[in-house]
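Visitor: I would like to learn how to read a protein model, one feature after another. Could we look at it together?

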Amino acid sequence: QGADRIELCDNLGEGGTTPSYGTIYLATQNINIPIAVIIRPRGGDFVYSNDEFEIMKKDIVICKELGVETVVFGILNKENKIDIERTKELIDLASGLKVTFHMAFDEIEDKFKAIDQLVELGVDRILTKGGCENALAGRESLKKLVEYANDRIIIMPGKGVNKENRDYILEYTGAKE
C-alpha cells in the first residue's frame, strides 16, 4: 500500500514490546522493505533492571543477525532522563544498524537537552508524540522540537497518526517523516 518501512512490535496494548525471534525472522524473509524492530522487554516505564537490559542487548544482537535495518529503543534512569551509559552501550552494540529512540522521550522533562544528547550519541531518529497523549495533541511541541533539532536528527511524530491527519501533522510540525 505504499509503505517504505515498518516498525515491527508485539503487544500494542502495552505500547509495543519486542516481537519473538520467529516473528522477526519471518518478517525479514517475507517483507521487502526495511524493518525497524522495537527493543522493549516489557510494557510500563522505561527504567530497566539489569536482567531486562541484558535481554535488550541480546535482542539487538538477534536483530543484527536477522538483517533488520533499525532498532527502536529508549532507556531512562530513575529521574526520567536518558540513561546515557546504557543507551551508548546499546548504540555501540547496534553498530551498522540505524537507531531510533522511541516514546520514552515523551517522559523526559528537558526535551531540548535530550535532543542534544541523542545527537551526540549518534541516534538517527526520535519517535515522539510531543509529550502529549498523541501527535495531534502534541503538534505545538512537535513543531518546536523539529525546529530545535534543525535536521541534526529526525523528529518523527507518532501515536494517533493516520491517513486522515498525517499530511496536516507533517505540514504543521515541519517533520519530514
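Visitor: How does the radius of gyration of the chain agree with a compact globule, and what is the rule?

Guide: The radius is taken over C-alpha atoms, and the globule rule is 2.2 Å times the number of residues to the power 0.38. With 177 residues a compact globule would have a value near 16 Å, and the chain has 15 Å, which agrees. Along its principal axes, the C-alpha trace spans about 40 × 40 × 30 Å. Please keep in mind that this is a predicted model, where local features need pLDDT of at least 70, side-chain atom pairs count only at pLDDT 80 or more, and totals for chains, interfaces and linings use all residues. Residues are numbered from 1 along each chain as its sequence is written, and side-chain values use heavy atoms, leaving out hydrogens and water.

Visitor: In what order do the elements of the chain run?

Guide: Helices (H or I, at least four residues) and strands (E, at least two) are DSSP runs, numbered from the N terminus. Here there are six helices and six strands, and from the N terminus on they run β-α-β-α-β-α-β-α-β-α-β-α.

Visitor: Which residues have the most contacts inside the largest nonpolar core?

Guide: In soluble globular proteins, nonpolar side chains tend to be buried together. A nonpolar core is a set of buried (under 20% relative accessible area, 1.4 Å probe, protein chains only) Ala, Val, Leu, Ile, Met, Phe, Trp, Tyr and Cys residues joined through side-chain atoms within 4.5 Å. The largest one has 45 residues, and those with the most contacts inside it are Val71, Phe73, Phe101, Phe105, Leu118 and Ile155. Helix H2 (residues 50-66) gives the largest share of this core, six residues.

How values were computed:
Buried < 20%, exposed > 50% of the residue type's maximum accessible area, 1.4 Å probe, protein only.
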